[in-house]
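Trainee: I would like to learn how to read ring pairs and helix packing in a model. Please take me through one.

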Protein chains: 2
Amino acid sequence: MKVLLTNDDGIYAPGIYAMAKELSNKPNVEPIVVAPDREQSATGHAITVHKPLRVNEVNKLGEKLNVPFYSVNGTPSDCVKLAIESIVDDKLDLVISGINRGANLGTDVLYSGTVSGAMEAAILGVNSIASSLVDFEYEDYSVAASYTSKVAEMVLKNPERFEKGTLLNINIPGSPAEEIKGIRLTRLGNRQYENLFEKRVDPRGKAYYWMAGKVIEDTSDTETDVSRVRDNYVAVTPVKYDLTDYELYNNLLDWSF
Amino acid sequence: MKVLLTNDDGIYAPGIYAMAKELSNKPNVEPIVVAPDREQSATGHAITVHKPLRVNEVNKLGEKLNVPFYSVNGTPSDCVKLAIESIVDDKLDLVISGINRGANLGTDVLYSGTVSGAMEAAILGVNSIASSLVDFEYEDYSVAASYTSKVAEMVLKNPERFEKGTLLNINIPGSPAEEIKGIRLTRLGNRQYENLFEKRVDPRGKAYYWMAGKVIEDTSDTETDVSRVRDNYVAVTPVKYDLTDYELYNNLLDWSF
């Protein structure tokens with residue numbers, strides 16, 4: 001099984017290395033890493049059209065694991081497009097984007113470079129997983145890697161359950177293995193930011209704004225990713241890329257323009 | 001009615017000026033422009049968290065129309081967040097993002113800064129419209145502005161048809177008014193890129209890649225935005241921001257993790 005790894009924290013981030021290490025131990029899996037050469041967080045689904053892309057093999061990362069690591073001066077979407085079209089010769093069986101440092105829950109997925117890397121794969125017809133370690137400060141990615149690998153195996157072993165181009169968004173709590181209660185299927189929840197900007201004045205008297213804001217989580221629906229992760233479950237949400245609002249479409253069918 | 005305008009082509013682009021001009025002629029509409037200070041195409045739903053944002057009033061654009069124009073050194077999403085939270089005091093009735101130079105059809109919406117500006121508004125609970133002039137070379141935005149304004153008025157006059165935070169994605173053919181056949185409600189269609197990268201070698205012998213590729217449009221479904229625009233209709237697609245794949249969610253409910 002050929003599995004492409006990418007991320008948005010950059011190729012030197014600990015999460016993608018932990019994932020490559022986990023997969024390099026599976027006899028039936030052949031991982032390959034194609035990831036941004038630097039951090040690309042909050043790039044959304046950006047693609048690079050105005051500058052040429054460069055690919056470099058990063059031997060010092062790949063040697064120990066015997067896994068090829070390639071860095072690209074672009075976004076996660078660029079990496080996946082380039083890997084599928086120009087770097088990997090064989091057909092890919094799965095793309096894993098992550099493991100991201102920090103949660104990608106609810107509306108986060110719209111801004112997430114991690115999710116966009118996985119979504120690019122789904123658009124190109126390859127099943128994919130976006131994986132995130134919820135706790136920003138948690139340094140041990142091995143439990144998250146093991147859960148991601150477990151879900152990955154279920155996708156690889158049950159292709160009939162997944163149409164071409166399915167994306168599962170996984171969030172893993174930052175807790176030791178024994179404290180995690182298991183895996184739950186979830187819906188995207190509600191996660192908003194309050195008091196979004198902090199206005200300051202520079203030494204020359206001109207105003208500037210920092211994006212800031214406190215996260216407000218709605219946990220009234222217990223089956224969302226937001227709620228499940230707070231209860232120390234691993235949350236697995238199926239995500240699609242057709243943004244058509246079919247409910248509103250049907251409601252507007254009688255509307256005369 | 002307070003209407004915020006933004007875009008991803010930048011505040012000096014002709015499309016946003018045409019839209020501001022169109023709205024400035026409506027007695028019941030008070031437009032305000034908050035847009036990126038430079039082109040932000042293909043930024044996806046990016047937000048700016050690592051540098052401070054600056055706001056500047058651009059008098060030479062606003063004076064003639066008697067419409068305030070503010071530029072921001074950020075993305076369309078930044079502009080909408082900042083406008084709603086820190087620039088506009090009153091409640092907004094509508095956000096219009098555009099008019100974009102070039103189509104935003106089918107999977108384009110995932111990459112589109114234009115759509116992300118409108119989506120940001122929807123997430124923050126304000127109805128919104130993303131508007132795009134399909135033909136990249138077409139210089140007359142007045143017909144597109146007039147159609148966008150028509151749809152905007154329908155949204156403003158029928159709030160009961162739209163729950164909080166609805167987004168309509170409009171694409172207008174680049175044709176004279178008399179050649180456009182009318183407005184159609186549509187679904188997002190299929191638009192893929194073939195032969196995505198062009199590999200070249202630099203003068204020092206190292207490879208680099210340009211994103212390129214021919215657009216392949218699937219027009220077998222005649223009710224998609226892609227098909228309708230090709231038939232010279234204005235396409236209006238309701239778009240939502242909940243990416244949960246409920247069909248797959250239901251199919252996986254029996255799955256034991």
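**Aromatic pairs and a helix contact**

Mentor: A:F162 is buried, with a relative accessible area of 6%; buried means under 20% relative accessible area (1.4 Å probe, protein chains only). This is a predicted model, where local features need pLDDT of at least 70, side-chain atom pairs count only at pLDDT 80 or more, and totals for chains, interfaces and linings use all residues. Residues are numbered from 1 along each chain as written, chains are lettered from A and ligands numbered from 1 in written order, and side-chain values use heavy atoms, without hydrogens and water.

Trainee: How many aromatic pairs are there over all chains?

Mentor: Rings of Phe, Tyr and Trp (its six-membered ring) pair if their centres lie within 6.5 Å; planes under 30 degrees apart are stacked, over 60 edge-to-face, the rest tilted. The count is six. One of them, A:F162 with B:W255, is edge-to-face, at 5.5 Å centre to centre and 70° between the planes. A:F162 sits in the loop between helix 6 and strand 7 of chain A and B:W255 in the segment after helix 8 of chain B, so this pair joins two chains. B:W255 is buried as well, at 11%.

Trainee: At what angle do helix 3 and helix 5 of chain B pack?

Mentor: Helices are DSSP runs (H or I, at least four residues), and strands are E runs of at least two. Axes are lines fitted to C-alpha atoms over the stretch in contact, with angles from 0 to 180 degrees between N-to-C directions. Here the angle is about 25°, with the axes 7 Å apart. Angles under 35 degrees count as roughly parallel, so helix 3 and helix 5 of chain B are roughly parallel.

Conventions: Parallel < 35°, antiparallel > 145°, perpendicular 65-115°, else oblique. Buried < 20%, exposed > 50% of the residue type's maximum accessible area, 1.4 Å probe, protein only.
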